[in-house]
Amino acid sequence: MEQIKVELGFDSYVIHVGSGSLAQLSKLRDGMHLSSTALVITDETVGALYGAQVVEILRQAGFHTEMKAIAPGEESKSLAVAEDLYTKAIEMGLDRLSPIVALGGGVVGDLAGFVAATYMRGVPFIQIPTSLLAQVDSSVGGKVAVNHPLGKNLIGAFYQPRIVLIEPNMLDSLPEREFATGLAELIKHGIIGDSRLFAELQQNDKAIWEKDPVMLTRLVSRSCRIKADVVQQDEREASLRMILNFGHTIGHAIERAANYKYSHGEAVAIGMHGAARISRDCGLCSQQTVDQVCDILTKYCLPLKVQGCTVRQLEAYLMRDKKTINGKINWVLLNSIGSAVVKNDIPEHIVTKALSQITIEY
C-alpha cells in the first residue's frame, strides 16, 4: 500500500492507495477524536456495490452508522439535495465530531464534502473515492461544491478531508466510459507537470485498459503525489494550483452548454485539445505538442471535438467560469509536455478560433 502525506499544517492528512485501504476505517476512532455516529453518503449505484461493506466496517469499529443514497449524476450536486442531506444529519443527531463519509465518485465527494464543510460549520470528512476520476482528482485537495443552474461549482468551499482511502480494486466495476473519464485526469497531470507519467501512459495502454492492479496503484499514487505537491504549495488556488485547471475552463463550458451529455473527463479532454491549440497559436508550444495531446487522448478513446452546442454558447459559459477575474479568464496553457503556464491576456480571436476548431455545430 502507498501512503501519500498532504502537508497542510493543522489540516494535513494521508492518502492510502492500494488493496486493503478500507481496513483503515476500523482505526478511525484511534486518535481522530470522532463521535460515535457516522453518516455515509453515496449514490444508488455505488451504494448497492459497496455500501453494506463500508457500513459494516464502521459499525464494527464502534460507529452507529446510517447510509443515505442519492440519485447518480450531476443533477444531484445541488443545494436542494444538500438540504435533504442536512435533514438526514439532523435527524441522526450528528454533532461537530461526527464523521461524514463520501463513498462514490466526484459528484458524491463534492456534495458530501460541501455538506461536511457547512453542517454545524464543519464536521470531520472522510473520502472513499470509487471512480478513477475521483481517486486522482476530486478526492485530493479539498475542493467541495454544489452547482448552480448558471454555472458549475459556483457554490463551494476549500475543506480538507481527514483521510482518503483509495481501493484500486473498486475500479473493476467501473464501466469503460467512466474509466476513460478518469484517465483524462491522469493524462492531464502528465501534460502539466510530469513528462515521465505522460510517457508511461503512452507506453502502457494495454495494461491500463486491463486494469492491472499493480499498474493502477502505481499510476494513481503518482498522480495523487503530483496533485498533493501542488496543493501543498497553493492550497487555495492563489497561483500555482491554477495549473490543475488545464482543460477545465473549456471543459466546464462544454458540460453546461451540452447539458452534461459529455462526462467530466470527456469534456476536459476536449478542453485540453482546445487549450493546446490556444497555446500553439499564442506561440507558447509547437504543433508537435498539440499532436502529442491529441494522440494520447485518442489512444484512450477520449473525444477531441464537441457536438451539440455552438461557439457562442461556449463563449458565454466561459465568462461565468469561477476562474474569471475582472472579465479576464485565467487560461492554463502549455510550453511543452510537462510544463504549463497561466496567462490572462489571451486575445479573444485566438480563443474563438480554437473553439471553432473543437466544435461541430450540427
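# Reading a cavity, ring pairs, a helix and cysteines

Tutor: Start with helix H9, which supplies 3 residues to the lining of the second largest cavity, the largest share. Bear in mind that this is a predicted model.

Student: How does one find empty space in a structure?

Tutor: Rolling a probe the size of a water molecule over the atoms shows where empty space is left. Here there are 2 cavities of 30 Å³ or more. The second largest cavity holds about 40 Å³ of space.

Student: Which elements each supply at least two residues of its lining?

Tutor: They are helix H9 (248-257), helix H10 (264-281) and strand S13 (331-336). Among the lining residues are His248, Thr249, Gly271, Ala275, Trp331 and Val332. By type, the lining has 5 nonpolar residues, 5 polar ones and no charged ones.

Student: How is a pair of aromatic rings described?

Tutor: By the distance of the centres and the angle of the planes. A search of the whole structure gives 2 aromatic pairs. One of them joins Phe179 and Trp209, with 6.0 Å centre to centre and 55 degrees between the planes, so the pair is tilted. Phe179 sits in helix H5 (residues 176-193) and Trp209 in helix H7 (residues 205-209), 30 residues apart.

Student: What does Trp209 form with Tyr300?

Tutor: Trp209 and Tyr300 form a tilted aromatic pair, at 5.9 Å centre to centre and 40 degrees between the planes. Tyr300 is in the loop between helix H11 (287-299) and strand S10 (306-307), so this pair ties together parts that are 91 residues apart in sequence.

Student: How should I read a helix?

Tutor: An α-helix has 3.6 residues a turn, so residues three or four places apart point the same way. Take helix H3 (residues 106-118): its 13 residues reach 18 Å from first C-alpha to last, close to the expected 18 Å. In H3, 11 of the 13 residues are buried, including Val107, Leu111 and Phe114. After H3 comes Met120, whose phi is positive, near 50 degrees.

Student: How many disulfides does the structure hold?

Tutor: It holds 0. A disulfide needs two cysteine sulfur atoms within 2.5 Å. For Cys301, the closest cysteine sulfur is in Cys294, 15 Å away, which is too far for a bond. Cys309 also has its closest cysteine sulfur in Cys294, at 18 Å, again too far. Cys301 is exposed, at 53% relative accessibility, whereas Cys309 is buried, at 3%.

Note on methods. Residues numbered from 1 in each chain as written. Predicted model: local features only at pLDDT ≥ 70, side-chain atom pairs only at ≥ 80, totals over all residues. Heavy atoms only, no water. Helix = DSSP H or I, 4+ residues; strand = E, 2+ residues; numbered from the N terminus. Expected span 1.5 Å × (residues − 1). Buried < 20%, exposed > 50% of the residue type's maximum accessible area, 1.4 Å probe, protein only. 1 Å grid on protein atoms, 1.4 Å probe; cavity = no way out; pocket = protein on both sides within 12 Å on 5 of 7 lines; lining within 4 Å. Points joined across faces, edges and corners; volume = space filled by probe spheres on them. Nonpolar A, V, L, I, M, F, W, Y, C, P; charged D, E, K, R; others polar. Phe/Tyr/Trp six-rings, centres within 6.5 Å; stacked < 30°, edge-to-face > 60°.
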